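Please look through the structure shown here together with the report that follows it.

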Amino acid sequence: VVESWSFLDTVESNFTPLVVIELAKGTKEETIEWFTKRIVDKKANGGAQLLVKPLVMENGVENIYLVGASHLRLLLGAETVGLVKECSDNSMRTFTYSSRKTFKDFADDNHNFLTMAECQYIIKHELENLRAKNEKMIPGYPQAKLYPGKSIVRRLLTSGILVQIFPLHDREELKKLRHRWYGRVKVGYQPLDDIRCYFGETIALYFGFLEYFTFALIPMAVIGIPYYVFAWEDYDKYVMFATFNLLWSTVILEVWKRICAILTYRWGTLLMKRQFEEPRPGFHGVLGINPVTGREEPVYSSLKRQLRIYLVSLPFVCLCLYFSLYVMMIYFDLEQWALDYHKENESNFSSLMLYVPSIIYAVVIEIMNRIYRYAAEFLTSWENHRLESSYQNHLILKVLVFNFLNCFASLFYIAFVLFDMKLLRQSLATLLITSQILNQFAESLLPYWLQKRYNRRMKKRMCSQKTDRDLSIAEQVNMEKEMGTYLGTFDDYLELFLQFGYVSLFSCVYPLAAVFAVLNNITEIYSDALKMCRVYKRPFAEPTANIGVWQLAFETMSVISVVTNCILIGMSPQVDALFPDSKMDLVLTVALVEHLLLAIKFIMAFVIPDKPRDIQMKLAKLEFESLEALKQQVRAFQMQL
């Protein structure tokens with residue numbers, strides 16, 4: 001591999017642009033010259049050994065650069081990032097350039113061995129790992145300090161010199177994917193392998209989970225329809241439906257782990273070694289020595305961070321939770337007003353007015369969730385977390401706690417304080433349906449309409465310049481750089497998490513929740529596919545082996561649903577009538593049943609393996625072979641001594 005690096009030619013006649021770098025307008029010439037030189041320089045000199053080409057826009061400004069790489073460079077990069085590919089014997093192994101001939105479909109002239117998403121991921125990795133050597137500052141910008149080992153791209157981003165880096169769409173491949181994915185309405189599975197090849201594993205896994213969750217909701221929906229139509233109110237039918245719901249929620253989450261393992265093994269990410277995490281771009285502090293790497297980098301006191309979390313962030317979150325409960329009480333005052341109005345008038349209009357408070361409250365909940373999200377992002381950034389994973393975990397915790405209380409507090413209050421099952425059913429239905437409609441509009445339809453308007457204006461502006469390849473690339477870059485940036489799967493998983501709460505927490509009260517969830521998710525698949533292909537810039541692929549902290553969030557929700565459904569069943573008149581003399585016996589019985597169901601849940605979670613046996617065997621075989629290879633290397637080293 002070392003020899004390959006030394007002979008690697010950085011000049012390639014057939015330049016394929018993969019990634020776009022946009023610098024701020026007016027960036028100094030010496031800065032551009034230094035940065036582009038570092039990108040094309042050899043690895044031995046601390047460069048990335050990539051290809052760069054300036055893109056001259058119609059106004060003559062050169063602030064956009066296209067980045068590509070030779071085929072050999074990408075193969076060596078695949079080894080650096082630890083990509084896992086399928087071998088000729090159908091096993092999955094970490095790609096190495098020296099053993100390239102053993103991999104399936106590999107040929108020196110086959111430039112499709114690596115997917116475009118993988119190529120772009122490699123280029124992103126190499127750009128992010130461009131590090132300062134002896135420079136003390138970015139040339140031309142003395143205020144933008146550098147130190148040995150600092151990521152150049154991260155410093156350029158935080159200094160505002162680098163506006164954005166994004167991967168280009170492949171218009172032909174995107175057209176084919178759109179046709180297979182949502183081009184025609186059909187009953188069938190999504191092309192997950194094609195989505196993975198184009199957008200990467202993280203996004204493909206989200207769509208895989210969305211599809212799986214939709215299919216998993218169908219049994220609940222099928223059972224819920226007759227339950228609702230025939231208005232079964234007997235406690236034994238309550239118990240049957242709630243028990244099925246609780247077992248269902250456990251089984252689907254455990255089965256998903258197995259499906260996730262199958263998908264990620266096939267895609268190679270289940271075997272990928274975890275990369276050492278670098279400090280996130282927004283992290284700041286005084287210069288010090290990292291005790292792990294020995295490199296000079298910013299250091300920030302963990303005590304200061306804890307003080308910020310517990311003395312500022314925590315009180316702020318509590319204040320927001322209090323405000324959410326205050327708004328909830330206003331909603332109940334409106335609900336009482338609507339009820340009194342209906343009693344006085346008894347008209348069709350007054351009947352409709354009964355739903356108005358719930359609709360208004362649902363809209364207010366969505367607005368509060370979005371405003372709080374911005375506040376949570378600001379606070380989490382201000383806490384100055386060193387690693388991106390730590391930042392994400394703190395942000396997710398803040399958002400989940402607020403969203404859970406904001407969305408479900410009124411339902412808990414109606415169920416366990418007001419004891420009004422009719423109002424609970426009405427509020428649950430209104431909140432669920434209204435939130436689904438608002439989310440579809442805000443996340444997909446509105447951005448799509450705005451993007452379509454922008455594209456029409458851009459095409460009119462550039463219609464006089466035609467045919468030349470560079471001009472078509474310029475037109476494409478012009479359109480894509482103004483597109484919105486896809487900020488990740490956070491909001492998509494959050495929406496599914498809240499939907500899971502609506503379906504499972506009060507399932508025995510409103511069994512039609514699963515039906516509306518299925519209908520929403522079917523449209524969600526198409527609208528999310530539309531926004532990925534038409535609304536947002538292409539995101540960089542991010543290898544992942546699972547859905548991360550969201551698996552724990554869904555499992556926690558399923559445990560809470562056991563408690564709520566058991567209490568709801570215990571509160572029903574039929575169950576209450578079984579214990580006319582002692583309410584304590586009723587409480588103890590409900591607690592016993594709840595503990596029993598929780599025990600069954602945990603036993604099922606333990607009994608169902610997270611990975612299918614064949615994948616367990618393949619992983620064990622690879623581990624054995626790795627240990628044997630290591631032993632041989634040790635023996636060879638000892639013999640040399």
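## A nonpolar patch on the surface

In this predicted model, Leu303, Leu307, Tyr310, Leu311, Val312, Leu314, Phe378 and Trp382 form a nonpolar patch on the surface, and together they have about 840 Å² of accessible area (Shrake-Rupley method, 1.4 Å probe, with only the protein chains shown counting as cover for residues). Two or more residues of the patch come from each of helix 10 (302-345) and helix 12 (356-382), and helix 10 gives the most, with 6 residues. Patch residues have over 30% relative accessible area and no salt bridge, with like charges joined within 9 Å and nonpolar side chains (Val, Leu, Ile, Met, Phe, Trp, Tyr) within 5 Å; a salt bridge is a side-chain nitrogen of Lys or Arg within 4 Å of a carboxyl oxygen of Asp or Glu.

Tyr310, which lies in helix 10, has a relative accessible area of 52% and is therefore exposed (exposed is over 50%, buried under 20%, partly exposed in between, with a 1.4 Å probe and protein chains only).

## Two helices side by side

The axes of helix 16 (residues 490-505) and helix 17 (residues 513-535) come within 10 Å and cross at roughly 170 degrees, so the two helices are roughly antiparallel to each other (angles over 145 degrees).

In helix 7 (residues 192-199), Leu192, Ile195, Arg196, Tyr198 and Phe199 are buried. Gly200 follows helix 7 and has a positive phi, near 100 degrees.

## Basis of the values

Residues are numbered from 1 along each chain as its sequence is written, and side-chain values use heavy atoms, leaving out hydrogens and water. Local features need pLDDT of at least 70 and side-chain atom pairs count only at pLDDT 80 or more, whereas totals for chains, interfaces and linings use all residues. Helices (H or I, at least four residues) are DSSP runs, numbered from the N terminus, and axes are lines fitted to C-alpha atoms, for helices over the stretch in contact, with angles from 0 to 180 degrees between N-to-C directions.

Methods. Angles under 35 degrees count as roughly parallel, over 145 as roughly antiparallel, 65 to 115 as roughly perpendicular and the rest as oblique.
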